[in-house]
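Q: I have a model open here and have not looked at it before. Can you walk me through it?

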Amino acid sequence: MPDGFNRKDFYKRVYEVVAQIPKGKVTTYGAIASYLGVVSGARMVGYALNKAVETEIPAHRVLNRLGELTGRAHFPDDTMRERLQQENITFVAEYTVDIEQHFWDPSEAKIGTN
């Protein structure tokens, strides 16, 4: 991690970005990490979101770079997939979202965290 890295601040910034993901869109752990300036921080984004599953933060909208629902183990039952389906997200396989159709790039959004 970079010098002066503050995990609590990083998690807060992750939550601010994830809160901006529109319904019907998804992004990736890596896209969030890159946006926040932590190029190899995809796992840290995942760690932050593991702590946010029971909150209002739409963590279900964050996937791996292939569109796979790798975070689904942190949701009860099949909640992650069900929430995405309720938002009309389409899947190319049982647990893989059509990421090209639904991708939201935080670097193209106007977010006040960077």
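A: Start with Asp77, which is exposed at a relative accessible area of 76% (buried means under 20%, exposed over 50%, partly exposed in between, with a 1.4 Å probe and protein chains only). This is a predicted model, where local features need pLDDT of at least 70, side-chain atom pairs count only at pLDDT 80 or more, and totals for chains, interfaces and linings use all residues. Residues are numbered from 1 along each chain as its sequence is written, and side-chain values use heavy atoms, with hydrogens and water left out.

Q: Where is Asp77?

A: Asp77 is in the loop between strand 2 (62–63) and helix 4 (79–86). Helices (H or I, at least four residues) and strands (E, at least two) are DSSP runs, numbered from the N terminus.

Q: And what is the phi of Asp77?

A: Asp77 has a positive phi of about 50°, although it is not a glycine. Most residues other than glycine have a negative phi.

Q: Which residue has a positive phi just after helix 4?

A: Asn88, with a positive phi of about 65°; Asn88 is not a glycine either. Asn88 lies in the loop between helix 4 and strand 3 (91–93).

Q: Is Asn88 buried or exposed?

A: Asn88 counts as exposed, with 61% relative accessibility.

Q: Back to helix 4, then. Which of its residues are buried?

A: Thr79, Met80, Arg81 and Leu84 are the buried residues of helix 4.

Q: What covers the buried residues of helix 4?

A: The cover includes strand 2, strand 3 and strand 4 (96–97), counting contact as heavy atoms within 4.5 Å.

Q: What about Gln86, buried or exposed?

A: Gln86 lies in helix 4 and counts as exposed, at 65% relative accessibility.

Q: Arg81 came up. Which ring does its charged end sit over?

A: The ring of Phe91, with the charged end of Arg81 4.4 Å from the ring centre. A charge sits over a ring if NZ of Lys or CZ of Arg is within 6 Å of the ring centre and within 35 degrees of the ring normal. The charged end of Arg72 sits over the ring of Tyr95, 3.9 Å from its centre.

Q: Where is Phe91 found, and what is it in contact with?

A: Phe91 is in strand 3. Apart from neighbours within four places in sequence, Phe91 is in contact with Leu69, Arg81, Leu84, Gln85, Thr96, Val97 and Asp98. The C-alpha atoms of Phe91 and Glu68 are 9.5 Å apart, for 23 residues along the chain.

Q: New topic. At what angle do helix 1 and helix 3 pack?

A: Helix 1 (residues 7–18) and helix 3 (residues 42–50) pack at about 80°, and their axes are 9 Å apart. Axes are lines fitted to C-alpha atoms, for helices over the stretch in contact, and angles run from 0 to 180 degrees between N-to-C directions. The two helices are therefore roughly perpendicular to each other (65 to 115 degrees; under 35 is roughly parallel, over 145 roughly antiparallel, the rest oblique).

Q: Which residues of helix 1 and helix 3 meet?

A: Arg7, Phe10, Tyr11, Val14, Tyr15 and Val18 of helix 1 meet Met44, Val45, Tyr47, Ala48 and Leu49 of helix 3.

Q: Which residues of helix 3 are buried, and what covers them?

A: Met44, Val45, Gly46, Ala48 and Leu49 are buried in helix 3. Their cover includes helix 1, helix 2 (29–35) and strand 2.

Q: How many aromatic pairs does a search of the whole structure find?

A: One. Tyr11 and Tyr15 form a tilted pair, 6.4 Å centre to centre with 55° between the planes. Rings of Phe, Tyr and Trp (its six-membered ring) pair if their centres lie within 6.5 Å, and planes under 30 degrees apart count as stacked, over 60 as edge-to-face and the rest as tilted. Both tyrosines lie in helix 1, four residues apart, about one turn of the helix. Tyr11 counts as buried, at 8% relative accessibility.

Q: Last one: where is Trp104?

A: Trp104 is in the segment after helix 5 (99–102), and counts as buried at 11% relative accessibility. Trp104 and Val26 are 78 residues apart along the chain, with their C-alpha atoms separated by 5.6 Å.
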